[in-house]
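Please keep the structure in view while reading.

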Amino acid sequence: MEVIFMRHGKAQDRELGLPDGERRLTVKGSNRVREVARALACGFVAGRNVQIWSSPLLRAKETAELLAVILKVKKVMIYSAIASENLDELLPDLLNQENNATIIIIGHEPYVGMWVTRMTKAVVPFRVASAAAVKVTSLAPPEGELRWFVDSGVLADIAEANC
């Protein structure tokens with residue numbers, strides 16, 4: 001199984017005074033997520049059994065929904081555990097997945113970075129809409145190999161050049 005950890009797209013500023021869970025993607029954030037989704041569709045997940053799991057926070061759900069449209073995933077699964085640092089809460093559902101599954105988990109920093117480090121021992125700089133793929137080798141304990149990490153700007157360039 002492969003798990004792609006992705007940070008949500010650029011969201012509204014905290015200074016606007018909105019509750020954290022209600023911060024939406026900006027127009028720029030939505031556009032970048034669409035570019036990232038096109039790059040993922042062109043080569044990173046093409047032809048795979050893809051599922052999208054999202055944090056319940058609005059900016060993550062909007063990111064997941066944009067990905068779902070472009071990747072042709074019918075349903076986004078919402079997991080409250082993705083909005084916290086508790087990867088262990090996701091493990092039972094990950095254990096139930098087929099070996100050929102590709103799960104895209106849309107979450108937040110610092111958690112997505114912590115989870116990649118926990119599983120692979122690699123430290124990756126998750127800026128908005130960046131993604132890292134982990135080939136899962138064990139879920140008890142959660143371990144894997146970092147297959148790739150790509151910044152959202154590079155993914156956007158890939159989408160522009162190849163898709």
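In this predicted model, helix H5 spans residues 152–162, and its buried residues are Ser152, Gly153, Leu155, Ala156 and Ala159. Buried here means under 20% relative accessible area. These residues lie on the same side of H5, because they cover an arc of only 160 degrees around the axis. The face of H5 turned away from that buried side carries Ala161 and Asn162, which are exposed.

What covers the buried residues of H5? The cover includes helix H1 (27–44), strand E5 (131–139) and strand E6 (142–150). At the start of H5, the backbone nitrogen of glycine 153 has a side-chain oxygen of aspartate 151 within 2.9 Å.

The sheet is open and is formed by 6 strands, in the order E3-E2-E4-E1-E5-E6, with mixed pairing. Strands E3 and E6 are its edge strands, and each pairs on one side only. On average, neighbouring strands of this sheet are turned by 25 degrees against each other, direction ignored.

Helix H2 (residues 58–71) packs on the sheet and touches E1, E2, E3 and E4. The direction of H2 makes about 165 degrees with that of E2. Two of the strands that H2 touches, E1 and E4, pair with each other in the parallel sense over 6 bridges.

| Strand | Residues |
|---|---|
| E1 | residues 2–7 |
| E2 | residues 49–54 |
| E3 | residues 76–78 |
| E4 | residues 101–107 |

Technical notes: Residues are numbered from 1 along each chain as its sequence is written. This is a predicted model: local features need pLDDT of at least 70, side-chain atom pairs count only at pLDDT 80 or more; totals for chains, interfaces and linings use all residues. Side-chain values use heavy atoms; hydrogens and water are left out. Buried means under 20% relative accessible area, exposed over 50%, partly exposed in between (1.4 Å probe, protein chains only). Helices (H or I, at least four residues) and strands (E, at least two) are DSSP runs, numbered from the N terminus. The arc is that of the directions from the helix axis to the C-beta atoms. Contact means heavy atoms within 4.5 Å. A polar contact is a pair of N or O atoms within 3.5 Å; within protein, one must be able to donate a hydrogen and the other to accept it, and residues adjacent in sequence count only if both atoms are side-chain atoms. Two strands pair if DSSP finds at least two bridges between them. Axes are lines fitted to C-alpha atoms, for helices over the stretch in contact, and angles run from 0 to 180 degrees between N-to-C directions.
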